[in-house]
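I opened this model to look up a few local features and note what I found.

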Amino acid sequence: MNQARIGRVAARMREMGLSQILVTATASVYYLTGYWVEPHERMIALYLDDQGKAVLYGNEIFGLPSTAELPLITHKDGEDPVAGLAKAVRPGRLGVDKFWYSKFLIGLMEHRSDVTPVLGSEAVDLCRKCKDEDERKAMRHSSAMNDQVVAAAIGAIRAGVRENELAALVNKEFLARGADCEGTQLVCFGANGADPHHSGDGTVLKPGDSIIFDIFTPISRYWCDMTRTVFYQRVSDKQREVYELVRRANEAAEAMIRPGVLLSDLDKCARDIITAGGYGPCFTHRLGHGCGLECHEPPDVGSASHTPLEPGMVFSIEPGIYLPGEFGVRIEDLVLVTEDGCEVLNHYPKDLQVIG
């Protein structure tokens with residue numbers, strides 16, 4: 001158990017007027033207990049009250065220990081997974097995780113009609129948003145590995161290569177640097193880059209293509225996430241114009257980062273630059289997202305995110321321009337808010353590159 005984190009979550013609960021919550025998201029359970037469990041269809045739930053008392057409920061197949069600090073109540077396959085939990089929760093409001101399976105929540109409600117479920121994820125999310133020093137070190141390391149991997153991938157560009165070949169190479173390079181697992185790496189040639197979430201397929205590289213590498217994976221549980229766009233053999237005037245506009249938007253937003261600035265102001269800064277350049281409708285997504293134990297976690301960096309920056313927050317800055325049938329450009333860094341500004345965690349260059 002991480003008692004410091006438990007204490008911060010309990011304080012958030014009191015601010016929210018919640019005396020009890022269930023923490024069920026894998027990353028949030030790990031954040032508080034140090035146990036990483038992928039439950040799949042089975043149930044795991046950390047019951048936490050506003051004084052910091054915690055009890056863990058889960059399937060015995062997970063093989064977790066029961067300790068004085070964190071008692072474990074288990075059930076077996078075929079047994080009612082929420083029966084033990086139903087005996088423990090108090091009447092009244094119960095904070096539940098935004099992603100808890102409805103089959104477990106409905107089952108609990110059938111046992112306890114005197115309980116009113118409300119969203120309780122913010123109690124943990126608001127604590128996870130600001131990384132402690134150990135987390136910052138982990139994210140610096142994963143981003144340094146990401147810099148090395150994108151360099152290897154760009155170095156592997158050659159005539160006849162396919163998107164999925166380069167995506168496979170990215171995973172291989174990540175695994176060689178301690179990644180926890182392979183991921184769905186986004187490698188997009190030419191017109192495919194106009195789809196912000198195109199997943200690499202058998203498309204073959206051709207001269208004049210833009211190449212988007214949006215690569216990400218967890219390393220020792222903490223995610224890296226970066227995007228670089230390069231060009232193969234030649235770059236047109238339009239591609240150069242779009243690239244430099246996106247780079248300017250990326251760097252201008254990063255230059256604004258310091259405590260107290262609103263996340264929505266960062267989005268506006270980047271969006272205003274792209275709009276002034278004539279491509280406003282082609283920037284189709286938020287500017288970024290929080291990153292840590294999950295690749296996408298709160299808070300959003302978007303127009304509706306009026307959250308002030310705090311030291312320790314880590315999020316992406318990733319403006320893009322997407323021209324259907326032609327090409328796309330995206331440039332993304334992870335950034336860490338410091339006491340007086342910002343630390344950009346990615347260091348692979350952003351100068352326009354024409355490969356080959």
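This is a predicted model: local features need pLDDT of at least 70, side-chain atom pairs count only at pLDDT 80 or more; totals for chains, interfaces and linings use all residues.

**Entry 1, helix H2.** I began with H2, residues 26–33, and asked how many of its residues are buried. The count is seven of eight, so I noted H2 as mostly covered. I listed the buried ones as Thr26, Ala27, Ser28, Val29, Tyr31, Leu32 and Thr33. Next I looked up what they pack against. Among the helices I found H1 (3–16), H5 (122–128) and H6 (133–155). The strands are S1 (20–23) and S2 (44–49). Just after H2 I came to glycine 34, which has a positive phi of about 85°.

I then looked up the largest pocket and wrote down a volume of about 500 Å³. Its lining consists of 25 residues, and the closest to the pocket centre are Ala25, Thr26, Ala27, Glu38 and Pro39. Two of these names, Thr26 and Ala27, I had already listed as buried in H2.

Which residues of H4 (102–111) are buried? I noted Phe104, Gly107 and Leu108. They lie on the same side of H4, because the arc they cover around the axis is only 100°. On the other side of H4 I found Ser102 and Glu110 exposed. The cover over the buried residues of H4 includes S1, helix H3 (83–88) and strand S5 (92–96). S1 had also come up in my entry on H2, as one of the elements its buried residues pack against.

**Entry 4, a four-stranded sheet.** I traced an open sheet and wrote its strand order as S7-S8-S9-S17, with mixed pairing. S7 (186–189) and S17 (354–355) are the edge strands, since each pairs on one side only. I followed the pairing of S7 with S8 (210–219) and found it antiparallel, over four bridges. Within this pair I looked up valine 187, and its bridge partner in S8 is phenylalanine 213.

My last stop was asparagine 171, in helix H7 (163–176). Is this residue buried or exposed? Asparagine 171 counts as buried because its relative accessibility is 8%, and the cut-off for buried is under 20%. I then checked its contacts, leaving aside neighbours within four places in sequence, and found Glu182, Gly183 and Gln185. Glutamate 182 is 11 residues away along the chain, yet its C-alpha atom is separated from that of asparagine 171 by 5.4 Å.

Technical notes:
Residues are numbered from 1 along each chain as its sequence is written. Side-chain values use heavy atoms; hydrogens and water are left out. Buried means under 20% relative accessible area, exposed over 50%, partly exposed in between (1.4 Å probe, protein chains only). Helices (H or I, at least four residues) and strands (E, at least two) are DSSP runs, numbered from the N terminus. Contact means heavy atoms within 4.5 Å. The arc is that of the directions from the helix axis to the C-beta atoms. On a 1 Å grid over the protein atoms alone, a cavity is a set of points where a 1.4 Å probe fits but cannot get out, and a pocket is an open set with protein on both sides within 12 Å along at least five of seven lines; lining residues have an atom within 4 Å of a point. Grid points are joined across faces, edges and corners, and a volume is the space filled by probe spheres set on the points. Two strands pair if DSSP finds at least two bridges between them.
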